[in-house]
Amino acid sequence: MVFIHGGAFKWGSGNNKVYHGEHLAKFGDVVVVDTDYRIGLLGYLYTGDDDNDAHGNFGLQDQRLALQWVKQNIRNFGGDPEKVILFGQSAGAQSTYAHMMSRRSEGLFRGVIVESAPFALPYRTKGEALIIASKVKEMARCEVGDVMECLRSKSAEEINDIQEKLTFRITGTKIDEYFEPIGPVLDGNDVSSQPMTAAAKGYFQKIPIMLGTVSEEGRLFVYGVWKLKLTKTEYELAIDGLHPGHSEAINKLYPPKPDENDFRDSLSLIVTDSLFLCPTMNASINMVQNGDVNVFAYLFDHATVEHGGWGKDSFCEGHVCHAEELGFLFGNHLAGNPTPDEVILSETLMIYWTNFAHSLDPNIGKYSPAMTWPAFRPNSTHILHFQTPQNNILGNYRKEYCDVWDKIGYDQVYR
């Protein structure tokens, strides 16, 4: 099981203690491989297509090289090179899906698990990436002479400083640039299609997939941007800025509460539905229809009981924020002292994930789960609802909301 960490293509490391694979490996009789890859400007800066340019998508290429290494060497660690599963969360989930879309990555894995991918967040075009590159050159004072030689003369610390300033300057003009100030570029090689387009047109490897979201995906991002209360006027301006031409339909779908004086929760719900949940459901339907593949969809809906695991992001305490499932999946509970119900929930995730690694079916493997996870079907859209004290199956979850977002459309929602 090869894991790709998240972090908006800008932060993070496979060495983060929440990703340590000891518990998952021992519990499910699998080999867990954590990967690192180039992130930020060093991993995704695109300056052009000339031989001397930075071509972007280096992070994706690093991940592919790791997969090739696993294919060639994992037998020496007790693994089976014919039974490689690729899984990731957030930017790692986007990366996982990018490899699923890529012919260059064919044959390196036989199934994927995509956790909390913002499917509606489009990759940058080359033109958009060049705008970022021009800002980088300006901040690095590399606008004349041999620009690439100038950029390559900068230290990693200098590049990081530029990256931080760049992010701050861009944030606020387009919300997706806060989510991912730097990331994959549509280069026609490593990335040839937008995520939702690929699902709709069948541009992906026809292999089994597990995918899903947590119930409050948007909270981490909205509260991360707006540190203070969001007024009604600011909320309406945000809606109009995020979804031009659709404000009336969105306000009708998410009417303000009469006593509401802080609209961050309302905006968080909109981001959850429009960026994560509904496009994931839409992509699942399309993958079943266009790929005839087994799709298993889920919703993770449990907030850690004991507080203390979110650090400075205290607004996520008691909420099911983006990345909430990871401590349960890997059995590394950062807040400590899980309740008995949480121990069961953690073991349940490990059962389904490692069963899928063994058999490509989360219901078949070393352990028999207490509940059968039904395959996703376009007409029933059954998803497994992870919660305590007991999981259940949801049908047509938030369909009335997703129907509206399907009409509004995705790939260009945040452009």
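A disulfide is a pair of cysteine sulfur atoms within 2.5 Å. I began my entries with this rule and applied it to a predicted model, in which local features need pLDDT of at least 70 and side-chain atom pairs count only at pLDDT 80 or more, while totals for chains, interfaces and linings use all residues. Residues are numbered from 1 along each chain as its sequence is written, and side-chain values use heavy atoms, with hydrogens and water left out.

**Entry 1: disulfides**

I looked up C278 and C402 and found that they form a disulfide, with sulfur atoms 2.2 Å apart. C278 lies in helix 13 and C402 in helix 16 (residues 399–408), so this pair ties together parts that are 124 residues apart in sequence. Helices (H or I, at least four residues) and strands (E, at least two) are DSSP runs, numbered from the N terminus. The torsion about the S-S bond is -80 degrees, and the link of C278 and C402 is left-handed.

I then asked how many disulfides the rule gives in total. The count comes to three. C142 and C150 form one of them, with sulfur atoms 1.9 Å apart. A disulfide also joins C316 to C321, at 2.0 Å from S to S. In sequence order of the bonded cysteines, I noted the pairing 1-2, 3-6, 4-5.

**Entry 2: burial of the cysteines**

I took buried to mean under 20% relative accessible area, exposed over 50%, and partly exposed in between (1.4 Å probe, protein chains only). C278 is buried at 0%, and C402 counts as buried at 7%. C142 has 0% relative accessibility and counts as buried. C150, at 19%, also counts as buried. Both C316 and C321 are buried.

I recorded an open sheet of eight strands in the order 2-1-3-4-5-6-7-8, with mixed pairing. Strand 2 (33–34) and strand 8 (392–395) stand at the edges with a single partner strand each, so one side of each has no neighbour in the sheet. Two strands pair if DSSP finds at least two bridges between them. Strand 4 (residues 111–115) and strand 5 (residues 209–214) pair in the parallel sense over four bridges. Which residue of strand 5 is the bridge partner of V112? I found I209.

**Entry 3: helices across the sheet**

I returned to helix 13 (residues 264–291), which lies across strand 5, strand 6 (295–300) and strand 7 (382–386). Helix 13 runs at about 165 degrees to strand 5. Axes are lines fitted to C-alpha atoms, for helices over the stretch in contact (heavy atoms within 4.5 Å), and angles run from 0 to 180 degrees between N-to-C directions.
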